[in-house]
Amino acid sequence: MLKVNNLEVSYGMIKAIKGISFEVNEGEVISLIGANGAGKTTTLHTISGLIAPDSGSIIFKGQDISKLPAHKLVSIGMAHVPEGRRVFANLTVYENLMMGAFTRKNKTEIAETLAAVYARFPRLEERKKQLAGTLSGGEQQMLAMGRALMSKPDIILLDEPSMGLSPILVSEIFDIIKSISSSGTTVLLVEQNAKKALSISDRAYVLETGNISLEGNAKELMNDDKVKKAYLGE
């Protein structure tokens, strides 16, 4: 579904991504793990059109999207849940969710998706008239994920969904990611909590200073001594 070839990205003189290649197949959960500053968020931002690559290509469902702006990608099936949630604080929960459906026209289908999002996140329905800025961190994360699902994406890019959440909420968020995957949406996950990420992933790539240093089956990487030492605290 997604193929990244020889991607290079710079911030001024600093090369943040140094020619990485990886792929995400339909129905998979793929994790990008690595230390802070490894280039994980930059990779997601480039895939979703927020940053222009220096070189390389990004192929999504057979189409080269390397030069497409971010807003065009939503209508062809890509949704991005950014780091730090980025909900519209002064809009209600309901209004935030409807923003996620702005590219869709069929009101009946939008209503069906909204019902499905409320079924997956009951707290959002309870708080649908509440301003998003007054929600807890966990609820805002659920809202950001629900808003992305309102566009009915083929692939969802999740950037640090567990950041700043309590251990109980982290488990809840990862259960939700598993259920999103089970319902047929492909997931590309960037996550600091490598153990949790690998536990729900099919495959994973390890990013180190803009390069992919390791890749493979997620369960095998969990047992890799280098990964254990560097990322799993073992």
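Two notes on the source. The model is predicted: local features need pLDDT of at least 70, side-chain atom pairs count only at pLDDT 80 or more, and totals for chains, interfaces and linings use all residues. Residues are numbered from 1 along each chain as its sequence is written, and side-chain values use heavy atoms, with hydrogens and water left out.

**Entry 1. Overall form.** I looked up the radius of gyration (taken over C-alpha atoms; the globule rule is 2.2 Å times the number of residues to the power 0.38). The protein has 17 Å, which agrees with the value near 17 Å for a compact globule of 234 residues. The C-alpha trace spans about 45 × 40 × 30 Å along its principal axes. I found ten helices and ten strands; these are DSSP runs numbered from the N terminus, helices being H or I of at least four residues and strands E of at least two.

Of the 234 residues, 48% count as buried. Buried means under 20% relative accessible area, exposed over 50%, and partly exposed in between (1.4 Å probe, protein chains only). I also checked contacts (heavy atoms within 4.5 Å). Among those between residues at least 6 apart in sequence, 66% join residues at least 24 apart.

**Entry 2. Largest pocket.** I noted the terms before the values. On a 1 Å grid over the protein atoms alone, a pocket is an open set of points where a 1.4 Å probe fits, with protein on both sides within 12 Å along at least five of seven lines; lining residues have an atom within 4 Å of a point. Grid points are joined across faces, edges and corners, and a volume is the space filled by probe spheres set on the points.

The largest pocket has a volume of about 600 Å³. It is lined by 24 residues, of which Val74, Ala79, His80, Pro82 and Arg147 are the closest to its centre. Two or more lining residues come from each of α1 (40-47), α2 (70-75), β6 (78-81), α3 (93-100) and α6 (137-149). By class the lining holds 13 nonpolar, seven polar and four charged residues. Ala, Val, Leu, Ile, Met, Phe, Trp, Tyr, Cys and Pro count as nonpolar, Asp, Glu, Lys and Arg as charged, and the others, Gly among them, as polar.

I followed up arginine 147, which lies in helix α6. Arginine 147 counts as buried because its relative accessibility is 13%. Beyond neighbours within four places in sequence, arginine 147 is in contact with Arg85, Arg86, Val87, Phe88, Asn96, Leu97 and Gly100. Its C-alpha atom is 7.3 Å from that of methionine 98, 49 residues away along the chain.

**Entry 3. Second largest pocket.** I read about 190 Å³ for this one. Its lining is Thr113, Ala116, Val117, Arg120, Leu149, Lys152, Pro153, Ser183 and Thr185. Helix α4 (residues 107-120) gives the largest share, four residues. The lining has four nonpolar, three polar and two charged residues.

**Entry 4. Buried residues elsewhere.** I looked up isoleucine 33 in strand β3 (residues 29-33). Isoleucine 33 counts as buried, at 0% relative accessibility. Leaving aside neighbours within four places in sequence, its contacts include Lys40, Glu191, Leu198, Val227 and Tyr231. Isoleucine 33 and tyrosine 231 are 198 residues apart in sequence, but 8.2 Å apart C-alpha to C-alpha.

Serine 162 sits in the loop between β7 (155-159) and α7 (167-182). At 9% relative accessibility, serine 162 is also buried. Not counting residues up to four places away in sequence, serine 162 touches Val170, Phe174, Glu191 and Asn193.

Entry 5. Most residues other than glycine have a negative phi. Lysine 61 is partly exposed, with a relative accessible area of 45%. At 53% relative accessible area, threonine 209 is exposed.
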